[in-house]
Amino acid sequence: MENLLNVALAQIAPVWLDKKATIAKIETTLIEAAENGSELVVFGEALLPGYPFWLAYTEGAAWDLKVNKELHAHYVRNSIQIEENELDTICKLAKDHSIAVYLGIMERAKDRGGHSLYCSLVYINQLGEIKSVHRKLQPTYDERLTWAPGDGNGLKVHPLKQFTVGGLNCWENWMPLPRTALYGQGENLHVAVWPGNLNNTKDITRFIARESRSYVISVSSMMSKNDFPYTTPHLDKILEKAPEVLGNGGSCIAGPDGEWLVEPVVNKEGLIYHTLDFNRVYEERQNFDAVGHYSRPDVTKLIVNRERQSTVAFED
């Protein structure tokens, strides 16, 4: 039925900072989701190849510290360059199984020189086509020590059966104007991806659903001390201060009325399944629509720059 959408929340741990192994794990997860009838699968922020947890435990802000330089270089080597077709096998699986995918990656953007990292949320449609790459607008706190700020190019929505889906990374979901940019394009299924913590998802998920009268899917990754590969540079220094659990999950789904459909799941790795009914969107828009009948564009209006930013423009 066109009004029903089967979704899967992939609350999994990466094979930390190992892109080949993490891609293999993502592929296995997609196949499992497909076998269970999923039409949309969502993975957490920066899952491929992992969140920069070391920054909080290795004096990440210290100048010229060898530990941070070597860990950063290791991170860059394991990041994804989309132009080099590094997501092709994932796109093929999406096409073969008619599954749409939201995937959090660390992007080594070729159009920005190929050396800096962007926390990007990639949307792959059911034909296996990459339709948007949203680079996180503002890295949060210590993330700024290793991630570059993105741009508005990826503030796009996509048709999926009767739904219109859009997504943001982590604390971007607290930014009212990027949310509005998606609402204004007709978003009614909002995807929020996180590195992995209940504290992030337990309040904002229901708030966005209530504000937008949309479904909201929050997906977090997992991470524990045991998930650090022994090949990680300076692993002893990371583990010296790292807690036992760095990411406990918290993936969840709220309905268009702001109530839980799936309450936050913590300390459990795996796929979380649910079926969304589009009719509930229309029901809740009856008394509030933030960019429709309950808006005043003659008084307040948002202008969005979606130009992909680059340092160099060539005129050959």
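These legends describe close-up views of a predicted model.

Residues are numbered from 1 along each chain as its sequence is written, and side-chain values use heavy atoms, without hydrogens or water. Local features need pLDDT of at least 70 and side-chain atom pairs count only at pLDDT 80 or more, while totals for chains, interfaces and linings use all residues.

**View 1. An open sheet of 6 strands.**
The strand order is S5-S4-S3-S2-S1-S13, and the pairing is mixed. Strand S5 (130-135) and strand S13 (270-277) are the edges, each pairing on one side only. Neighbouring strands are turned by 25 degrees against each other on average, direction ignored. Axes are lines fitted to C-alpha atoms, for helices over the stretch in contact, and angles run from 0 to 180 degrees between N-to-C directions. Strand S1 (residues 4-11) runs parallel to strand S2 (residues 40-43), with 4 bridges between them. Alanine 10 has phenylalanine 43 in S2 as its bridge partner. Two strands pair if DSSP finds at least two bridges between them. Helices (H or I, at least four residues) and strands (E, at least two) are DSSP runs, numbered from the N terminus.

**View 2. The largest nonpolar core, with 27 residues.**
Leu30, Phe43 and Leu103 have the most contacts inside this core. The elements that give two or more residues to it are S1, helix H1 (19-35), S2, helix H3 (88-97), strand S3 (100-108) and strand S4 (117-124). H1 supplies the largest share, 5 residues. A second, separate core of 25 residues includes Val7, Phe163, Ile253 and Val265. A nonpolar core is a set of buried Ala, Val, Leu, Ile, Met, Phe, Trp, Tyr and Cys residues joined through side-chain atoms within 4.5 Å. Contact means heavy atoms within 4.5 Å.

**View 3. Alanine 13 in the loop between S1 and H1.**
Alanine 13 is buried, at 0% relative accessible area. Buried means under 20% relative accessible area, exposed over 50%, and partly exposed in between (1.4 Å probe, protein chains only). Not counting residues up to four places away in sequence, alanine 13 touches Lys25, Leu47, Met222, Asp227 and Glu269. Its C-alpha atom is separated by 9.9 Å from that of isoleucine 26, 13 residues apart along the chain.

**View 4. Helix H4 (residues 176-183) and its cover.**
Pro178, Arg179, Ala181, Leu182 and Tyr183 are the buried residues of H4. Their cover includes strand S7 (163-169), strand S8 (189-194) and helix H5 (198-212).

**View 5. Salt bridges, among the 22 in the structure.**
A salt bridge is a side-chain nitrogen of Lys or Arg within 4 Å of a carboxyl oxygen of Asp or Glu. Lysine 110 meets glutamate 84 (3.0 Å, N to O). This pair links distant parts of the chain, 26 residues apart: lysine 110 lies in the loop between S3 and S4, glutamate 84 in the loop between helix H2 (66-77) and H3. Lysine 110 is partly exposed at 46% relative accessibility, and glutamate 84 is partly exposed at 43%. Lysine 92 meets aspartate 96 (2.7 Å, N to O). They are 4 residues apart in helix H3, so about one helical turn separates them. Asp257, Arg280, Glu283 and Glu284 are linked in a network of salt bridges.
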